[in-house]
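Subject: Two chains to look at

Hi,

Here is the structure I promised to send over. Have a look at it first, and then read my notes below.

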Amino acid sequence: MVPLSYYLLLSGILFVCGVLGFLIKRNIITIFMSIELMLNGVNLSFVAFAAHWHALSGQVFVFFVMVVAAAEAAVGLAIIIAVYRTRETLNVDRVNLLKL
Amino acid sequence: MFHLILFLFFGAICVAGAVNLLVQSHPINSALSLIAVMASLAAEYLLLGAEFVAAVQVIVYAGAIMVLFVITIMLLNAGKEERTKGSRVAILIGVPGVLIGGVLVAWTLLHRSDMQSVPIGALRGDPRAIARLLFHQFLLPFEVTSVLILIAIMGAVVLASPPGAVARGPRKDEG
């Protein structure tokens with residue numbers, strides 16, 4: 001028996017690590033991976049609450065989050081490739097114009 | 001007791017991987033530690049009884065999405081990240097703010113007394129039950145996400161192809 005708050009705490013720790021990586025990292029790919037880490041933290045709390053309330057719809061929403069994450073990864077990595085092609089850098093401090 | 005030991009073991013791997021993602025300066029090391037986080041999260045899902053979610057987590061997240069990341073890192077030949085003025089400002093403002101927020105959330109969670117314990121395998125999320133829910137109650141969102149992923153694939157192809165390649169169409173000598 002594990003208290004529900006432990007699961008929520010783990011998900012909170014993962015989310016905080018994701019926010020921290022989003023703020024302090026300068027590499028655009030690592031920033032993107034921090035977003036994935038945040039989505040994973042949210043997924044864990046979805047599954048934990050589904051088990052707590054005996055409602056399976058919480059697990060169904062994890063799939064929707066995964067689909068959004070997959071779409072976001074595909075489009076985002078394509079944008080990163082397009083940015084790298086014109087700027088030749090992955091540092092977000094050097095990417096300060098929307099214009100290609 | 002056994003449940004708690006398993007939870008702490010995989011939770012420790014999760015947190016270690018997440019911290020390693022922040023500490024490493026080369027993106028490929030961050031990607032590998034993110035894979036470790038996702039694999040141990042799948043084990044946590046199994047402890048909660050969500051077996052189908054755990055399988056999909058390994059196949060889709062740790063498999064497909066992270067392969068996309070690793071391929072992009074190797075394609076762009078990403079090296080060590082360089083430290084600039086903006087990163088020092090971000091560390092100075094970001095770290096204290098995030099730590100205060102995290103401590104507040106943890107304090108609130110641990111001081112709620114009405115949180116019950118979750119037994120091992122509390123809610124069996126087998127594929128049959130999930131499919132019944134997904135194709136009856138959530139049929140419209142399911143179809144909308146399929147349209148979303150189609151649009152995302154087309155957008156990725158348009159964005160990642162070289163400038164002018166999509167408008168020009170296939171080359172004559174190939175057909």
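Predicted model: local features only at pLDDT ≥ 70, side-chain atom pairs only at ≥ 80, totals over all residues.

Residues are numbered from 1 along each chain as its sequence is written, while chains are lettered from A and ligands numbered from 1 in the order in which they are written.

The contact involves 61 residues of chain A and 73 of chain B (two residues are in contact if their C-beta atoms, placed from the backbone, lie within 7 Å). On the chain B side, α4(B) contributes the most, with 12 residues (helices are DSSP runs of H or I with at least four residues, strands are runs of E with at least two, and both are numbered from the N terminus). That side of chain B has 54 nonpolar, 15 polar and four charged residues (Ala, Val, Leu, Ile, Met, Phe, Trp, Tyr, Cys and Pro are nonpolar; Asp, Glu, Lys and Arg are charged; the others, Gly among them, are polar).

Now find α3 (residues 57-87) of chain A and α3 (residues 51-76) of chain B: they pack at about 5°, with axes 11 Å apart (axes are lines fitted to C-alpha atoms, for helices over the stretch in contact, and angles run from 0 to 180 degrees between N-to-C directions). So α3(A) is roughly parallel to α3(B) (angles under 35 degrees). Their contact has 19 nonpolar, two polar and no charged residues. Among the residues that meet there are F63(A) in α3(A) and Y61(B) in α3(B).

Finally, P3(A) has S117(B) in β1(B) as its bridge partner.

Enjoy exploring!

Note on methods: Parallel < 35°, antiparallel > 145°, perpendicular 65-115°, else oblique. Pairing = 2+ DSSP bridges.
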